[in-house]
Number of protein chains: 10
Amino acid sequence: MKFLVRMDVHPPLDMPAEEFDKIKATEKEYSQQLQREGVWPEIWRVVGEYSNYSIFEVRDNDHLHEVLQGLPLFPYMDIEVTPLAKHPSDIK
Amino acid sequence: MKFLVRMDVHPPLDMPAEEFDKIKATEKEYSQQLQREGVWPEIWRVVGEYSNYSIFEVRDNDHLHEVLQGLPLFPYMDIEVTPLAKHPSDIK
Amino acid sequence: MKFLVRMDVHPPLDMPAEEFDKIKATEKEYSQQLQREGVWPEIWRVVGEYSNYSIFEVRDNDHLHEVLQGLPLFPYMDIEVTPLAKHPSDIK
Amino acid sequence: MKFLVRMDVHPPLDMPAEEFDKIKATEKEYSQQLQREGVWPEIWRVVGEYSNYSIFEVRDNDHLHEVLQGLPLFPYMDIEVTPLAKHPSDIK
Amino acid sequence: MKFLVRMDVHPPLDMPAEEFDKIKATEKEYSQQLQREGVWPEIWRVVGEYSNYSIFEVRDNDHLHEVLQGLPLFPYMDIEVTPLAKHPSDIK
Amino acid sequence: MKFLVRMDVHPPLDMPAEEFDKIKATEKEYSQQLQREGVWPEIWRVVGEYSNYSIFEVRDNDHLHEVLQGLPLFPYMDIEVTPLAKHPSDIK
Amino acid sequence: MKFLVRMDVHPPLDMPAEEFDKIKATEKEYSQQLQREGVWPEIWRVVGEYSNYSIFEVRDNDHLHEVLQGLPLFPYMDIEVTPLAKHPSDIK
Amino acid sequence: MKFLVRMDVHPPLDMPAEEFDKIKATEKEYSQQLQREGVWPEIWRVVGEYSNYSIFEVRDNDHLHEVLQGLPLFPYMDIEVTPLAKHPSDIK
Amino acid sequence: MKFLVRMDVHPPLDMPAEEFDKIKATEKEYSQQLQREGVWPEIWRVVGEYSNYSIFEVRDNDHLHEVLQGLPLFPYMDIEVTPLAKHPSDIK
Amino acid sequence: MKFLVRMDVHPPLDMPAEEFDKIKATEKEYSQQLQREGVWPEIWRVVGEYSNYSIFEVRDNDHLHEVLQGLPLFPYMDIEVTPLAKHPSDIK
């Protein structure tokens, strides 16, 4: 089951850069592990913004929430979730 | 070069159903032709809405506008275009 | 899997009342059938508005879209879909 | 009398985690006590967000305000209240 | 129990004036009857707009919805309902 | 001359509670004095929010601004002012 | 007592031009009469839009509503009213 | 003096195509004449939308309004005007 | 050439009051000097808000930006600029 | 390929002025270098705001994101990107 998710990152300006870099590093590992598992098949950068659009392939809503809440950057992000269904014109 | 495009369809309520169905049929053909050509690699239905999110793979802005303006449903849609770039965490 | 769905109905002002009443009658039957099947466990009227909030229990996103798109009033409604997950404080 | 309530939590980033965890613990007890009393029959997590949708069953507006204002997390939340009435299609 | 209600009237521009005047006349009677019964204790005109703010004193949410839905101008209005509680500084 | 005024209070999270309590206490006295003088005939709590709706009866715009600007909580509030006129259906 | 008023005109596209021109002509007379009386001391065109910003000098709210509601273009306008007070830096 | 202007065109759906095409043709001539005169130095299509962003070089506000109000498509457009000044980093 | 300018002041809550008062004092002098020069002919307080609406009479966009950017309170304000033109109904 | 980009700068109020001035100086150099290379052909100041509108001429989306993300002021800005295509009326 697919969801389109937009994530806007708001780095806390009063946190030392090194500390925030560590969080970003763990976020990258966390994301790439999920990409390898097929849970996070697509991630794109929104041009000009500290934001991404991603596609998630999950079992159900609870699975998606568990994945998103586990993001190391979760406390510093606004997240918008859009459930997707198969489009009648989709040739796949 | 990839773009995320959201299309919200607003059928004209005073147009006879058959007439609008014809437009939808040509829209489907138009879309599936572009999908086969790899210009329109993804199209998903937004759950609960007469809307879709799509991924377009195009040469440049002018190519994308030409494709979108050519949509038979173009006069009956609100379209939102988001330019995408490669995300540093993307493992592909 | 649960979703919260808000539906705002916008009756077409130039449609004869009897015609719209028929659509509403089929909507009621459609809804009550789904309620009996447990797909539509809750439906509440938003005070002062021609709107409702509903809870849907469905297999997945495609099932929910199929149900919503099948609503006789679908062409005359704005629909907002919010995916729900289990809350850690929920005692059920 | 039923209300739909949305709560969006905004943890104060400069508060030590342990201190905020204590507030969250008391919030959980407070909520579960009200759930047992039937005042708070439903609570769902909004997927991807530090937010919930809840149903409250209360005597009147003042009772609801008293309950919400008493939430330990009240100072750190945006709250939206929607009064609900019985829907003519509801089979219950 | 009190509610603040805002009503914005959008007269259908293609309805003959006399027909709409009749609806407005029945709306006035309907309102004044409820004012005499104490259900609609306050009604003010929003300066410069075809809108009003009103205070309703009702038994519960269902009673308020019944009253609002019964407004002859209901199909031509946007209505916003805000539940009110006693303020700790209120000297009454 | 009547105005509807909405006040949303945003307590400064980094101010010691006792200090803010003192400001709130002076706000209460200030409000109750104006209520006794008939300048502030109505004040209601917005259910679920640290906000109120109030009715002010003043000589003119300058009088209202003087009253509002003098509120001890003025620096911590968003204020929205709506001028009211007599409604043609008002039976008073 | 002064108010800033913004008026956005939305001409009904299905009304014959001559008919709308007549309404505009009476609007101009109505406005210029009030300007001569000092009730409508300022009127400016918003560049690029069928809108104006105006300053009204009136006795009270009811007087302003009476003036605005009497505008021949009233049914075809969105109107926004902002009450103004004397600014402490004003040298007049 | 430069302005950035955004124009969103909303073709009237119930106007015959030929009639609207005529208006568009005169709009094109009108625009190209102003481009040749240097009043309208830049015009770009917003990708995916029936909209454009343009740069206007005019004597003053009144000149700009005269130019925009004279657009044949003026009655069918939303127009947003942003005054521009020289940027301190501009190397021109 | 006239502009309508709205200024919303957001005092930095963590700045000592005396320091901010000094800035306000220089702002008042700055404003009154411009008022005497005819550049700032009107300034009104928005009732209930730490905001003003002003009319500026300037040579061109660059002159206006220079004046606004020079405001001592500039870093603590949101500013909205609306270019004005002569209205066809204006009797002046 | 052209993009219209709006940048709104939000200086961190708790950063020493000298430190922020340094960032602004490097931003100016960065911008002027790109202007000389033809990547940043236009930059205008939005009158009354700490914002600019710019035109970028880039190879593709990734090139634009790289340029924007490299802006020294990037962490202190909201950026809005609009892809532009050739307009059919453009005489260039």
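Start by selecting chains I and G: 28 residues of chain I are in contact with 28 residues of chain G, contact meaning heavy atoms within 4.5 Å. This is a predicted model, where local features need pLDDT of at least 70, side-chain atom pairs count only at pLDDT 80 or more, and totals for chains, interfaces and linings use all residues. Residues are numbered from 1 along each chain as its sequence is written, chains are lettered from A and ligands numbered from 1 in the order in which they are written, and side-chain values use heavy atoms, with hydrogens and water left out.

Now colour that interface by atom type. About 2,700 Å² is buried between chain I and chain G, with carbon and sulfur atoms giving 62%; buried area is the accessible area (1.4 Å probe) that two parts lose on being put together, summed over both.

Next, pick E42(G) and K92(I). They form a salt bridge, with the closest N and O atoms 3.3 Å apart; the rule asks for a side-chain nitrogen of Lys or Arg within 4 Å of a carboxyl oxygen of Asp or Glu. Two salt bridges are found across this interface.

Strands here are DSSP runs (E, at least two residues), numbered from the N terminus, and two of them pair if DSSP finds at least two bridges between them. Click R45(G): the bridge partner in strand 4 of chain I is A85(I).

Key
Helices (H or I, at least four residues) and strands (E, at least two) are DSSP runs, numbered from the N terminus.
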